[in-house]
Amino acid sequence: MKILVTGAAGQIGSELVPALREKYGKENVIALYHKNVPEDSGIHEIGDAGDKKLLESLISKYDIATVYHLVGILSAKGEQDPDLAYNVNMGSLKNILDIAKDKKQTGKELRVFWPSSIAALPPLYNTPQRTVLEPSTMYGVTKVAGELLVNYYFKKYGIDIRSLRYPGLISWKTPPGGGTTDYAIAIFYGALKEKKYTSFLKAGTYLPMMYMDDGVRATIELMEADPSKISIRTSYNLTAVSFEPGEIAAEIKKRIPEFEISYKPDFRQQIADSWPKSIDDSAARKDWNWKHNYGLNEMVSDMLKHLEPMLKS
Ligand code: AKB
């Protein structure tokens, strides 16, 4: 069973590719990079994940059975260039779905993972799985449209496509870039380098968050679940914790007492204000036994443990 990962150099791809290689064998996971190829890149290809012909040829060359289609533009970058966000996020998804549909007609299945986001959801506490979806960002619009599209391809063509509404993912392997939840990564760089950080979101801005280890595990667990367990074919709500900038700063201060946070909200505040404060992910917990391991305390300890030596080297 061979796996293709698009957007392999991105925040999720950088951690999902090694996890998949560890689980399924190095020879079975092909990473598609756009331009930047990391040193330890294993079997990989370079090209544009929006190029349908390229995807078709890779899927046939490696006899791919599963695609993790991660390529995408995040919320903050998407608000700065909505056309780019629309073209990348929607165009490449439609291509993958059409390839899966064509393959099915020849009797071959392609299982697909596609990431949605909390950006699809309204600004509520304990936001339910099924609720009104009227996002105000282009990123959110592409996520809602994408969720409806994947549900359509599942219902009409029987494509086995699965999806998660990722919360803010906290990770140390790639630097933050392009997201609204990125303050919760950048804060660690500030704390370790300068003992201070100016948050672009104001105090009290609660957002759902998760440590990347949990995010990667959730992704693989969803993809491994028996199809009969998957009751949601748009995208599953997924969460671990919910916190605001002052709370993560206080956890960091327990370990770096000189650390100080200050606040200078920018255009990303408006994006964060339109997103859920917390999430009800009981459907994922019930259907395929989702459980998170990392709370805020464990997340902060692990981030500092890994990032400190990395920033010194
Ligand atoms: C972003 O901030 O854009 C992403 C997300 C929550 O989808 N991290």
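1. In this note, a residue is called buried when its relative accessible area is under 20%, exposed when that area is over 50%, and partly exposed in between, with a 1.4 Å probe and protein chains only. At 33% relative accessibility, K195 therefore counts as partly exposed. K195 belongs to the loop between α6 (183-194) and β8 (196-199); helices (H or I, at least four residues) and strands (E, at least two) are DSSP runs, numbered from the N terminus. Although K195 is not a glycine, its phi is positive, at about 65°.

2. The model is predicted: local features need pLDDT of at least 70, side-chain atom pairs count only at pLDDT 80 or more, and totals for chains, interfaces and linings use all residues. Residues are numbered from 1 along each chain as its sequence is written, and side-chain values use heavy atoms, with hydrogens and water left out.

3. N126 is another residue that has a positive phi without being a glycine, here about 50°. N126 is placed in the loop between β5 (111-117) and α5 (138-157). With a relative accessible area of 48%, N126 is partly exposed.

4. Is L222 buried or exposed? L222 is buried, because its relative accessible area is 0%. This residue is part of helix α7 (residues 212-224). When neighbours within four places in sequence are set aside, L222 is in contact (heavy atoms within 4.5 Å) with F113, R162, S163, L164, I230, Y236 and W288. The C-alpha atoms of L222 and L32 are separated by 22 Å, and the two residues are 190 residues apart along the chain.

5. E251, found in helix α8 (residues 245-255), is also buried, since its relative accessible area is 12%. Not counting residues up to four places away in sequence, E251 touches L296, N297 and V300.

6. Which residues surround the ligand? They are L74, S75, S117, I118, Y139, G179, T180, T181 and W275, where a residue qualifies if one of its heavy atoms lies within 4 Å of the molecule.

7. An N or O atom in the side chain of Y139 is 2.6 Å from an oxygen atom of the ligand. A polar backbone atom of T180 is 2.7 Å from an oxygen atom of the ligand. For T181, a polar side-chain atom lies 2.9 Å from a nitrogen atom of the ligand. Taken alone, the ligand exposes 250 Å², and the protein buries 95% of that; accessible areas come from the Shrake-Rupley method with a 1.4 Å probe.

Conventions:
A polar contact is a pair of N or O atoms within 3.5 Å; within protein, one must be able to donate a hydrogen and the other to accept it, and residues adjacent in sequence count only if both atoms are side-chain atoms.
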